[in-house]
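Keep the sequence and the 3D view open while you read.

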Amino acid sequence: MANINAAIEALAQAIIANKEMLTDLDSAIGDADHGINMARGFEAVRAKIAAANPGDDVGAVLKLIGMTLISTVGGASGPLYGTAFLRAAGAAQGKTTVDVEIAAKMLEAAIGGIKDRGKAVRGEKTMLDALEPAYDAFTQGMAEGQSLPACLALATAAAAKGVEYTKTIIATKGRASYLGERSIGHQDPGATSSYILLATLTDFAKANV
Amino acid sequence: MKKVINNAEQVVEEMLQGIVLAHPQYVKRVEGFDVIVRANSPVQGKVALVSGGGSGHEPSHGGYVGRGMLDGAVAGAVFTSPTPDQVYEAVKAVDGGKGVLLVIKNYTGDVMNFDMAAEMADADGIKVAKVVVNDDVAVENSTWTTGRRGIAGTVFVHKIAGAKAEKGADLAEVQKVAEKVIANVRSMGMALSPCTVPAAGKPSFVLAENEVEIGMGIHGEPGTHRETIRTADETAEHLLNKILADIAIKAGDEVAVMVNGLGGTPLMELYVVNRKVAAMLAEKNIKTVKTYVGNYMTSLEMAGFSITVLKLDSELKELLLAPADTPALVQF
């Protein structure tokens with residue numbers, strides 16, 4: 001990727017632009033704060049990166065993002081996304097560019113972090129329902145020898161399907177779980193924000209790789 | 001949205017400033033953090049209690065910081081769990097050398113953030129234990145939920161575990177009595193009207209003029225079902241029956257009762273509810289030792305109430321009746 005900081009700026013813009021939509025999704029089945037919390041976190045990420053100027057070390061930038069999200073987002077998304085970025089940072093330590101193999105390792109590490117922290121598995125109406133299919137599609141593209149933007153595009157398409165899938169299932173984790181079968185018909189806000197992050201990275205990679 | 005605020009982003013900060021200005025004899029701020037602790041913190045040689053959660057539930061939890069209850073309270077954004085660094089600061093500020101008990105309401109985010117704070121404190125060598133309150137019977141516990149929600153019954157945990165700590169008990173003993181409260185406390189609520197998170201600017205749900213939501217959570221999360229509003233007696237009976245179906249309380253047993261307002265309910269109506277609760281318990285020959293009626297665990301301006309019943313044994317009774325001196329709960 002051309003510049004990790006430009007990529008992060010794109011992620012921040014996408015989350016902030018979708019603040020209201022994510023909050024509305026959360027109103028329907030949760031506690032109406034997902035967009036607000038994520039936007040607050042990414043505003044803080046922007047400020048932190050501007051102030052700390054961490055350079056082009058992808059691992060260092062992602063670590064800073066993880067720590068910032070943990071200390072500013074709150075709710076469940078803070079620990080989950082924060083842990084995801086910290087784990088991805090570990091997989092990208094010392095790198096200034098990201099190729100397909102490193103991206104796959106980062107995605108795998110991020111998903112592992114979310115599973116450890118949230119004690120969730122696929123099929124429980126969470127961000128994992130977008131991210132795990134995305135990872136599968138990404139690694140399949142990688143096995144076929146496709147480029148990073150192409151692999152990301154495959155991952156994004158799979159995440160979109162995953163978001164659709166969350167409409168058909170009952171929430172069993174998070175505050176939406178208290179709704180039981182009344183959660184059917186609503187898409188999961190966390191899966192949706194994960195999709196937005198992947199879609200943004202895909203657009204960024206297409207334009208910059 | 002019509003609210004007495006200056007700026008939605010500053011509500012929690014300005015509230016905390018207001019609390020400290022109102023109650024300097026009880027509390028002080030941990031500078032730079034959304035944490036308030038007892039004015040004389042850390043209390044040496046006493047197990048400390050820290051609770052917290054999203055803001056919007058006042059007087060929970062800052063109102064219970066004082067002798068006989070909490071040592072520290074952490075205020076998250078409205079309806080959002082505080083972050084690990086904030087909880088960690090509270091733990092450091094109150095630890096008097098005998099360890100710290102974290103009292104957590106059972107929500108996915110709260111549990112994760114407090115867990116991370118406990119890991120941070122452990123790494124510093126501070127003894128930390130935790131309990132998770134899950135008193136809401138509205139949603140059944142099952143393998144496919146994260147368990148029941150923690151609501152107004154949490155105040156009984158603060159009261160009783162706080163009294164135990166004040167008597168000089170060690171961390172394991174304080175944790176044990178907190179767990180005993182959790183095992184014996186049940187709550188359920190209902191709402192007549194929604195509330196608006198300041199940063200969201202609009203209500204998170206809508207109820208028709210004659211419609212109520214039974215089992216409503218304290219963040220506006222939906223409950224079990226909606227129905228046409230009934231009389232106070234019928235509604236109280238429905239909630240109390242759900243509670244009593246969930247815990248074995250027999251004739252001759254002693255209980256404490258809390259009829260809790262969600263923020264927008266007149267005290268008058270809470271007393272009307274309490275009349276029915278008291279009558280039903282008396283009819284079953286269950287002895288109500290102490291009753292609390294008021295706003296203890298609110299949900300911003302939501303109209304509605306919850307009922308909490310705590311089954312007592314001699315230890316819980318003694319600790320419940322022990323003195324407390326806090327901004328929101330004083331008893332002698």
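## A buried loop residue

B:Phe79 is buried, as 33 other C-beta atoms lie within 10 Å. A residue counts as buried with 20 or more other C-beta atoms within 10 Å of its own, as exposed with 12 or fewer, and as partly exposed in between; C-beta atoms are placed from the backbone. B:Phe79 sits in the loop between β4 and α2 of chain B. Its phi is near 65°, a positive value in a residue other than glycine.

This is a predicted model: local features need pLDDT of at least 70, side-chain atom pairs count only at pLDDT 80 or more, and totals for chains, interfaces and linings use all residues. Residues are numbered from 1 along each chain as its sequence is written, while chains are lettered from A and ligands numbered from 1 in the order in which they are written.

## Strand β4 of chain B

Strand β4 of chain B covers residues 72-78. Helices (H or I, at least four residues) and strands (E, at least two) are DSSP runs, numbered from the N terminus. In β4(B), 7 of the 7 residues are buried, so the strand is largely enclosed by the rest of the structure.

Strand β2 (residues 35-38) of chain B pairs with β4(B) in the antiparallel sense, over 3 bridges. Two strands pair if DSSP finds at least two bridges between them. Here B:Ile36 has B:Ala73 as its bridge partner. Strand β3 (residues 48-55) of chain B runs parallel to β4(B), joined by 5 bridges. B:Gly53 stands opposite B:Ala75 in β4(B).

## Loops of chain B

Two cis peptide bonds can be located here. One joins B:Ser41 and B:Pro42, with omega about -5°. B:Pro42 lies in the loop between β2 and β3 of chain B. Another runs from B:Glu58 to B:Pro59, with omega near 10°. B:Pro59 lies in the loop between β3 and β4 of chain B.

B:Gly32 belongs to the loop between β1 (27-29) and β2 of chain B. With 7 C-beta neighbours inside 10 Å, B:Gly32 counts as exposed.

## Helix pairs in chain A

Helices α6 (residues 100-118) and α7 (residues 128-143) of chain A have axes that come within 10 Å and cross at roughly 155°. Axes are lines fitted to C-alpha atoms, for helices over the stretch in contact, and angles run from 0 to 180 degrees between N-to-C directions. α6(A) and α7(A) are therefore roughly antiparallel. Angles under 35 degrees count as roughly parallel, over 145 as roughly antiparallel, 65 to 115 as roughly perpendicular and the rest as oblique. The residues of this contact divide into 10 nonpolar, 1 polar and 3 charged. Ala, Val, Leu, Ile, Met, Phe, Trp, Tyr, Cys and Pro count as nonpolar, Asp, Glu, Lys and Arg as charged, and the others, Gly among them, as polar.

Helices α1 (residues 4-17) and α9 (residues 189-208) of chain A have axes that come within 9 Å and cross at roughly 135°. α1(A) and α9(A) are therefore oblique to each other. Their contact holds 9 nonpolar, 2 polar and no charged residues.

## Where the chains meet

In chain B, 29 residues are in contact with 26 residues of chain A (C-beta atoms, placed from the backbone, within 7 Å). On the side of chain B that touches chain A, α3(B) gives the most, with 5 residues. The residues of that side divide into 13 nonpolar, 13 polar and 3 charged.

Note on methods. Contact = placed C-beta atoms within 7 Å.
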